Amino acid sequence: MKDVKRSNEPVVWLLFGAGTTISAIVFPVLILILGFLLPFGLLSPAALPAIFVFSHSIIGKLILLAILIFPVWGSCHRIHHGLHDFKIHLPGSGAIFYGLAGLYSVIAAFAVLSI
């Protein structure tokens, strides 16, 4: 039998799918709350301390990490494959974009966990 070559594509597609799903579901709500309701006074400013308290809990930190990390993986994956669609082939582009996403993930994890 031939040796089957292993690929990292399933892991990358999982991160890509998670990132685009989180972007589609969570970002419109965040834009509505933080971009419209709070600035125009439609949401009570007393809600801000509750948001800060929630972000200091373990569940809040995990949600914040998911909101920060997964969309970056999705966007790096889109940029990487978008360059191939435009026939721009950078040597090591997968390592560059996924490496940047991994570096951002580590930095974001340290930042959120230090809250």
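Predicted model: local features only at pLDDT ≥ 70, side-chain atom pairs only at ≥ 80, totals over all residues.
Author: Of its 15 lining residues, Leu30, Leu34, Ile51, Leu64 and Ile67 are the closest to the centre.

Reader: How is such a space found, and which helices supply its lining?

Author: Rolling a probe the size of a water molecule over the atoms shows where empty space is left. Here, helix 1 (9-37), helix 2 (47-55) and helix 3 (58-85) each contribute at least two residues to the lining of the largest pocket.

Reader: How many residues of each class does the lining of the largest pocket have?

Author: The lining has 13 nonpolar residues, two polar residues and no charged residues.

Reader: Which residues make up the largest nonpolar core?

Author: In soluble globular proteins, nonpolar side chains tend to be buried together. In this model the largest nonpolar core comprises twelve residues: Val12, Leu15, Leu65, Ile69, Trp73, Cys76, Leu83, Phe97, Tyr98, Ala101, Ala108 and Val112. At least two residues of this core come from each of helix 1, helix 3 and helix 4.

Reader: Why does Phe97 count as buried?

Author: Phe97 counts as buried because its relative accessibility is 14%, and buried means under 20%. Phe97 lies in helix 4 (residues 93-113). Setting aside residues up to four places away in sequence, Phe97 touches Cys76, Ile79, His80 and Leu83. Phe97 and Cys76 are 21 residues apart along the chain, yet their C-alpha atoms are separated by 5.6 Å.

Reader: Is His77 buried or exposed, and what does this residue touch?

Author: His77, in helix 3, is buried, with a relative accessible area of 2%. Beyond residues up to four places away in sequence, His77 touches Glu9, Val12, Trp13, Phe16 and Tyr98. Val12 and Tyr98 are among the residues of the largest nonpolar core.

Reader: With which residues is Val112 in contact, leaving aside its neighbours within four places in sequence?

Author: Val112 is in contact with Lys61, Leu64, Leu65 and Leu68. Among them, Leu64 is also one of the residues closest to the centre of the largest pocket, while Leu65 belongs to the largest nonpolar core.

How values were computed. Residues numbered from 1 in each chain as written. Heavy atoms only, no water. 1 Å grid on protein atoms, 1.4 Å probe; cavity = no way out; pocket = protein on both sides within 12 Å on 5 of 7 lines; lining within 4 Å. Helix = DSSP H or I, 4+ residues; strand = E, 2+ residues; numbered from the N terminus. Nonpolar A, V, L, I, M, F, W, Y, C, P; charged D, E, K, R; others polar. Buried < 20%, exposed > 50% of the residue type's maximum accessible area, 1.4 Å probe, protein only. Contact = heavy atoms within 4.5 Å. Core = buried A, V, L, I, M, F, W, Y, C linked by side-chain atoms within 4.5 Å.
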